[in-house]
Amino acid sequence: MKKPKKRSEFIYFPGLGELALSGLRPLIGIFLGLLAGAVLIALSGANPLDAYSAMLQGALGSPQSVANVLVRASPLLIAGAGVAIGIKAGLWNIGAEGYMYAGAIGAGAVGIALLPVPPIVHVLLAILASVVAGTIWGLIPAYLRAYRGVNEVVTTIMMNYVAIYFVSWMVHEPQSLAEPGSFFPMSKIIAPTAKLPFLMRGSSLHPGFLVGIVACILLFLILRFTHFGFRTRMLGVNPDGSRYAGINVKRQMLLVLFVGAAMGGLAGAFEILGLKQRVFMDFVAGVGYEAVAVALLAGGNPLGVIASALFFSALKAGGATMSIQTGVGAPMTIVIEALCVLFVIAIGYGERKRLERAAKTEEEGEEVNNNDG
Amino acid sequence: MAQDNELALRMEGITKRFPGVLANDNINLDCRKGEVLGLLGENGAGKTTLMNVHYGLYQPDSGKIFINEEEVKIESPAKAIDLGIGMVHQHFKLVDALTALENVILGIPPEHPPVLDLAPARERLLKLCEGYELYVDPSVEVWRMPVGKQQWLEILKALYRDARLLVLDEPSSVLTPAEGEQLFKAVRRLSEEGRSIIFISHKLGEVLEITDRITVIRDGHVVGTVPTEEATQRELARMMVGRPVVMERKPRPALPEKQPVLVMEDVSANDDRGLPALKDFSLIINAGEIVGVAGVDGNGQRELAECIVGLREVTGGSIRIQDHIVDRVIDDPSFVGFIPEDRQKTGLFLDLTVAENLVIKDFTRPPYSKRGVLQYDAIRKHARNMIREYDIRTPSGEVLVSNLSGGNQQKVVVARELNAEPVLDIASQATRGLDLGAVESVHDTLLEERNRGAAVLFISTELQEVMSLSDRIIVLFRGEIMGEVEGEGADVSTIGQMMLGQVSEVTG
């Protein structure tokens, strides 16, 4: 019996394959999200075109505003890349918030210490500490997922809360990291030697976004060209098949979750060493979750993370200007972000449905032929 | 057993077609009130499809269904239940997280919503348990119940809805012999009450024991209906498997000197549920021979293949391949080539390209990888060679495997597994779902492998291909070897009987 199996035609171009799928989907999602956002803005009584142009101006109108976008993008790029590699492996490593807190406390602890070392070494030590701390934070969910089959979504989210309150406790007096006599619980300020340089006068632009972009490109290359990356993609496409092909599936899961945790930690370090200079509760409220949205918007493609992280931070940065000039509340930007992600998911869902339907007609035929009885 | 000649069910000219398959071809079948009707047939004969039509899960392409001599249209299971039809599927349809009682009342609108009628329902359920001696604890969650109890629960669920016509699909496959006895008792009881039972099975013994009449289905047709009293095992076996075909064996050179490649000694292994699937299984396969494994699906074939390649842990015994002890997953296709039974779920990565799929076991080895970096030029070149050599119909190696037809997908697996000339080939249901041309190509490839000197294990539920391809045939039944025959001049009905669990006095 002949059963030509056809993949859905929707946004699929022969030859471009994966790239077209993961690259085009976010663009369509962003377009639809902005379109739906425009409707909402119009409903709230403003002119959508005015609102969007105010937003654009707020985000890209001056070198300072561009710098602001890049500063906001830094944690989204770094942590988002970590979430994205998880998605590629079929794992929802959405504990970025927690990893960032863990990384921040690691980087903070080393950064606060007055070490007799040159600045570059101090910074590297602090960054190393953040990566280690983030990975340690990922240890429990990763082990539970890989070796005990516990759903990583639940564990990573729960670990987020633990991290947030753990950090809060760490910066409360009388813990040694806490700033004595401060009006708000916070850590001591990091040593000047651990502070990252500003890249632009009159802004708080630190090198975090560069690290983020490099990390995204590196991850893309790793996924495509290394054994680790190929195993990761195999795992994401077909876990059963991966085992059959001789891959140690559990170990691979563990490693992928570790990478995500380490990246999350790194993102936390750059926030502290480059921007906040102190660790305190809510120092990145919600950014970790936003990083998940960024990775989702990118469909797990690390290169897409660059685009979607920049897009999200531009929305956020431009939101204030939009609010001042047109009276549309800044939370509208969050609504638009959410709409974009939802559209991307909807497109992916629609496509999977079509695939499943195609597979099902095929299976039914086979079932009759073979699994009857 | 109580029965009169009134018909509870009559199916007339039922035809059901799936893309490329004629599952039911003009089937006529009837079942009297109070009768136990056996529905006998091999895997894939169309029994389950027919009953799914009957239960409203499928709509027939043509044909009529009469319940109590009244024509009905069963467009959904809800309608079927209304008509007094109950069905116990081979794969249970229970909600694991709910209790037995909750499963029973699931879908029945309560009398005083939103309050569930738990107390009266419980009483009724217990009364049913009592009446048919099928005991379940109403307050235990399904996931904590042993499979036998789950079977009882499925039956009770149908009886709670007062099913007058009960379909049992392979009900004994999960039961212990003692539980089987209990089931038979309950079935007799049901028929005494005037209920009709359609008993689907491929096990001859039990069908002969419990039924009043037997309808045999083969390849979507009714072969015949016989009163159980007049039926004999031999005749039924012939009706089931005996195709009117001349077994055409492929010509082949004689076996060279015996050189054992695969040596299995007293191997035992469990299935996914932890139940024994292979029992003290011993087998030797020599270089240059094809050993066919015949048997009804689910008798340990999958576990056998998985044990050999190290995917499944053995609970006893040893497996050696050319003096190499199998203790972990073998992922080297130049040693063992393995065509797994489910190519889409196991053998292929549908969302990777053809080229990538061809190297999933080899990507860490040169020339596909140098200093840890994948060499896509080499991978693509390999893909071009394989596409040419194995005649894989694809625009290029850069196309996702999911775009290929079933036969071409299988060619990708075959190319990957056999191209490196392994010492042992394992082909598990390798032709399942393929069209005739693709089947032929798989057969030819395996025969070439044999002639090259590879040891080949050919596992298939299609008796015909096992007989035409194998040098030796073993028959697997419940994880044990029921018998072994030479491929040359093997007798269909002998093998057919062994497949159904009967040791034959004549071998070869």
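Which residue of S7(B) stands opposite B:Ile85? B:Leu165 does. This is a predicted model, in which local features need pLDDT of at least 70, side-chain atom pairs count only at pLDDT 80 or more, and totals for chains, interfaces and linings use all residues. Residues are numbered from 1 along each chain as its sequence is written, with chains lettered from A and ligands numbered from 1 in the order in which they are written.

**Confidence**

- The model scores ipTM 0.82 and pTM 0.75.
- Chain B has a mean pLDDT of 87, and 95% of its residues reach 70 or more; pLDDT is the predictor's confidence in each residue, from 0 to 100.

**The sheet in chain B**

- An open sheet of mixed pairing is formed by 6 strands of chain B in the order S6-S7-S8-S3-S9-S10. Strands (E, at least two residues) and helices (H or I, at least four) are DSSP runs, numbered from the N terminus, and two strands pair if DSSP finds at least two bridges between them.
- Strand S6 (85–88) and strand S10 (221–227) of chain B are the edge strands, each pairing on one side only.
- S6(B) pairs with strand S7 (residues 165–169) of chain B in the parallel sense over 4 bridges.
- Helix H1 (residues 47–54) of chain B lies across S3, S6, S7, S8 and S9 of chain B, at about 150° to S7(B). Axes are lines fitted to C-alpha atoms, for helices over the stretch in contact, and angles run from 0 to 180 degrees between N-to-C directions.
- Helix H6 (residues 177–192) of chain B also packs on the sheet, where H6 touches S3, S7 and S8 of chain B. Contact between two residues means that their C-beta atoms, placed from the backbone, lie within 7 Å.

- Helix H4 (residues 96–112) and helix H10 (residues 249–276) of chain A have axes that come within 6 Å and cross at roughly 50°. That makes H4(A) oblique to H10(A); angles under 35 degrees count as roughly parallel, over 145 as roughly antiparallel, 65 to 115 as roughly perpendicular and the rest as oblique.
- The contact residues include A:Ala96 and A:Tyr99 of H4(A) and A:Ala261 and A:Gly264 of H10(A).
- Helix H3 (residues 63–88) and helix H11 (residues 287–297) of chain A have axes that come within 8 Å and cross at roughly 55°. This makes H3(A) oblique to H11(A).
- Among the residues making this contact are A:Pro75 and A:Leu76 of H3(A) and A:Val287 and A:Gly288 of H11(A).
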